[in-house]
Amino acid sequence: MEFDKNKIVEALRAVMDPQTGVDVIKAKKISDLTIEGKDLNLTLSVSSLKSNEKTALTFSCMAAINELYPSLEVHVHAKVKEEKPTSPLSHIKNTIAVASGKGGVGKSTMSVNLALSLQKKVFSVGLLDLDLYGPSIPTMLGLQGKKPNMTDIHGRPKMIPIEKFGLPTMSIGYVISPEQAVVLRGPRLGGIVKQFISECLWPPLDFLIIDLPPGTGDVHLSLVQTIPLSGVVMVTTPQQVAYDDALKGMNMFRLENVNVPILGVVENMAWFTPDELPSNKYYIFGKGSGKKLAKEANTVLLGQVPIHMSICDDGDQGKPSTWSGQDSIQHIFDSMTNRLIQQVQIRNEMIAPTQMVDVQK
């Protein structure tokens, strides 16, 4: 009887890696697969030769192969993978944070609509809400009161993201009640960040959009220590005070030991145009901060979003503007997304991959 190596590889895709939640083939845990007669040998990369992970994966690989070819004698050789720590989201191509430095500038609105606009362009996209003190994503997606399901992968419990509009999402708002205040010190905040990344079963994605809280605190630092961000989108409004805070927030990512590329700037609440006077623009909060911030970072202004009641109403009703709003508003978000895609392509071609921040630095 001939044994098809391609079929064996496909069978091994049913075995999940407990660290990343993806199959052992995609996680590159399997190497040196050879067949001689009825003996099959393969090498399994593990974090430790004494770990429960090694035993569980060994038997799972053997079971998957013998279910396909019962007569094969499967020999699994485990080896410790000696290399630098890898991102728990290595199966996600681009991780993009949306930051502001200041609260109330519409960062969550931008995160949701950019994520859905990317998805409309046939990318696979996820949304992670790390605004732990003020989670808005459940409301903006109409997911209040939803709780994530749990699954077990080789003894490790994993949360399953909650999906809406085909978008896998995770938020602390799914874990606590809407009226509950989040009172946490720094180490616990960092623990939640790592839990939402490492203990959540994120599928392979083209983009993961990460909505950050205001400021430059524990959540931001924990994030860049946990995964290598592809880049950041900064959100500001036209006021000088918003610009000042956004500049501080942006400069945190530009620190030498953080060094996360700034992909672009979004200026929200750029002007007000009444429906009855569609050609008029009223600059209620001033103008120019978006361009000024983009120039400071040597990046681009991705777009300017006007003050429009439909954007607010759509978010409050759990139907974001990109998904169900007016054509003119959808066009603004689609144009911003096109520029963001361009910026990501340039970033990936011209700049080396971002490194996770070393905790010791």
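1. Lys107 and Asp131 form a salt bridge, their closest N and O atoms being 3.8 Å apart, where a salt bridge is a side-chain nitrogen of Lys or Arg within 4 Å of a carboxyl oxygen of Asp or Glu. The pair links distant parts of the chain, with Lys107 in helix 3 and Asp131 in the loop between strand 5 (125–129) and helix 4 (137–140), 24 residues apart; helices (H or I, at least four residues) and strands (E, at least two) are DSSP runs, numbered from the N terminus. Lys107 is buried, with a relative accessible area of 7%, and Asp131 counts as buried at 9% (buried means under 20% relative accessible area, exposed over 50%, partly exposed in between, with a 1.4 Å probe and protein chains only).

2. This is a predicted model, in which local features need pLDDT of at least 70 and side-chain atom pairs count only at pLDDT 80 or more, while totals for chains, interfaces and linings use all residues. Residues are numbered from 1 along each chain as its sequence is written, and side-chain values use heavy atoms, with hydrogens and water left out.

3. The structure holds 10 salt bridges, among them one between Lys102 and Asp245, with the closest N and O atoms 3.8 Å apart. Here Lys102 lies in the loop between strand 4 (92–99) and helix 3 (107–120), and Asp245 in helix 7 (residues 240–253), 143 residues apart. Lys102 is partly exposed at 27% relative accessibility, as is Asp245 at 21%.

4. Glu10, Arg13 and Asp23 are linked in a network of salt bridges, in which the closest N and O atoms of Asp23 and Arg13 are 3.9 Å apart.
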